[in-house]
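Please take a moment to look over the sequence and the 3D structure below.

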Amino acid sequence: MNKEELKKLVFLEIEKNADAIIGIGEKIKNNPEMGYKEHKTAALVKEELSRLGMSVKDTLAETGVKAKLCGGSSDITVAVMGELDAILCVTNPDADPITGAAHACGHNAQIAAMLGVAMGLAPFAEHLGGDVCFFATPAEEYVEMAYRESLSEKGRIKFFGGKQELIRIGEFDDIDLAMMVHANGDTPEPAAFIGGGSLGFVAKTVRFIGKAAHAGSAPFEGINALNAAMAALMCMHAQRETFRDEDKIRVHPIITGGGEIVNVVPANVTMETYVRGANVSGIEDASAKVDRAIEGASYAIGAKAEIRNYKGYLPLIQNEALSAVFEECAKEFIPEDKIYHGYETAGSSDVGDLSHLIPTIQPTMGGYFGSLHSKEFKISDVNTAYIIPAKIMAATVIELLVGDAECAKRIKAEFKPILTKEKYIKI
């Protein structure tokens, strides 16, 4: 069977399962879970992959799920990934009323599309010259730092990002190429954004320590930690003109605790921030300036600051050869004038870490109203969000693995990793 015949059969299989794929995506949307807590979503993924006859590994890095579809040869493996977690967005209409979690980043569509690929390819595995790994990864959103710190203290995780942790424990050791898709906000029509990067970042938590006193009768006896935090914010803002345009630095702090009660001078104030950038040197420079701003502002007020820096994510470097294969497959479903190149996002993702180790892509796709992480974000069309990405990724797998998987093997051979796994873990 040639690859075009195989694609037609796989597309028909996806169409036959379209209602099930959409139903999965909607069920996940209605049951959003935060990172390293995605137990219901992981159980659903395991159930669907098991139903397709695959042997499934689960509870990887807490909630990750992984299954392999064995082709005619096992010389090379392509991973199709989706992310399990939601984001906190209490104003989104689909937010969980208790936790505030919402799929305002489209991860429910990623999982549905990934499972759609599995449904399409499963009956035809013997026609593939390599294996396909279906991988649902946890905790892409780098949030709820205190919870992740608690998991780390218990020895359950070491790295805070899901793919980071999966790399560390060896679950990507058997994967040669990887791909996934992501929602592109404010793009209701079918569209694909190919080859654009994303920013890396360092995450920080800060505790400003002052001295409590009665805020009405004796404020002069206290040291106002909230004033130190506010001064630190102003000092951070004053650094912005020193950031180089080409480094694309973004600093966006929030105060997570501003004092206990109104009539006591705040003695314990907490803050979180990211320092994002397009390259490691720019991030390191900006991170040092932010630390200096925090420390200097605290000194001026007479407070102390405890800063904890966490290694965030590396910038995404999309593999050009793999992107080209995806683009050719996308042309069957998306008008060429709606395929965009080099679209850069100021967001960050742990898929960037993986891209430093193996050939990796994460095109972004249309099918959504509203911007990411907002109350307006929602799917504009279920076929565009769930089914078209499944067909494009399935076609990409076929192009990579048809025959003796020559295409996948060539991309792997030409790829020059920026980091080895050992060096990645060390840094």
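The lining of the second largest pocket divides into 17 nonpolar, six polar and five charged residues. In this count, Ala, Val, Leu, Ile, Met, Phe, Trp, Tyr, Cys and Pro are nonpolar, Asp, Glu, Lys and Arg are charged, and the others, Gly among them, are polar. Keep in mind that this is a predicted model: local features need pLDDT of at least 70, side-chain atom pairs count only at pLDDT 80 or more, and totals for chains, interfaces and linings use all residues. Residues are numbered from 1 along each chain as its sequence is written, and side-chain values use heavy atoms, with hydrogens and water left out.

**The second largest pocket**

- Of the 28 residues that line the second largest pocket, Phe201, Lys311, Gly312, Leu314 and Ile427 are the closest to its centre.
- The second largest pocket holds about 690 Å³ of space.
- A pocket here is an open set of points on a 1 Å grid over the protein atoms alone, with protein on both sides within 12 Å along at least five of seven lines, while a cavity is a set of points where a 1.4 Å probe fits but cannot get out; lining residues have an atom within 4 Å of a point.
- Grid points are joined across faces, edges and corners, and a volume is the space filled by probe spheres set on the points.
- Helix 8 (280-301) gives the largest share of the lining of the second largest pocket, with four residues.
- Strand 10, helix 8, strand 14 (304-311) and helix 13 (421-426) each supply at least two residues of that lining.
- Helices (H or I, at least four residues) and strands (E, at least two) are DSSP runs, numbered from the N terminus.

**The largest pocket**

- The largest pocket has a volume of about 930 Å³.
- Among the 40 residues lining the largest pocket, Glu141, Arg276, Gly347, Ser348 and His373 are the closest to its centre.
- Strand 13 makes the largest contribution to the lining of the largest pocket, four residues.
- At least two lining residues each come from strand 8 (182-183), strand 10 (200-209), strand 12 (254-257) and strand 13 (268-277).
- By class, the lining of the largest pocket has 18 polar, 15 nonpolar and seven charged residues.

**The cavity**

- How many cavities of 30 Å³ or more are there? The count comes to one.
- The largest cavity has a volume of about 50 Å³.
- Its lining includes Gly106, Gln110, His182, Met365, Tyr368 and Pro389.
- Helix 4 (107-121), strand 8 and helix 11 (382-401) each supply at least two residues of the lining of the largest cavity.
- The lining of the largest cavity has seven nonpolar, four polar and no charged residues.

- An open sheet of six strands has the order 1-2-6-3-7-16, with mixed pairing.
- Strand 1 (56-60) and strand 16 (360-361) are the edge strands, each pairing on one side only.
- Two strands pair if DSSP finds at least two bridges between them.
- Strand 1 and strand 2 (residues 64-69) run antiparallel and are joined by three bridges; Val56 has Ala67 as its bridge partner, and Lys57 has Lys66.
- Five bridges join strand 2 to strand 6, and these two strands also run antiparallel; the bridge partner of Leu69 in strand 6 is Val132.
- Why is strand 2 largely enclosed by the rest of the structure? Five of its six residues are buried, where buried means under 20% relative accessible area, exposed over 50% and partly exposed in between (1.4 Å probe, protein chains only).
- Helix 3 (residues 39-51) lies across strand 1, strand 2 and strand 6 (131-137), and runs at about 15° to strand 2.
- That angle is taken between N-to-C directions, from 0 to 180 degrees, with axes as lines fitted to C-alpha atoms, for helices over the stretch in contact; contact means heavy atoms within 4.5 Å.

**Positive phi values**

- Most residues other than glycine have a negative phi.
- Thr59 has a positive phi near 50°; Thr59 belongs to strand 1 and counts as exposed, at 57% relative accessibility.
- Ala61 takes a positive phi near 50° in the hairpin of strand 1 and strand 2, which has three residues between the strands.
- Asp186 is not a glycine, yet its phi is positive at about 55°; Asp186 sits in the loop between strand 8 and strand 9 (192-194) and is exposed, with a relative accessible area of 53%.
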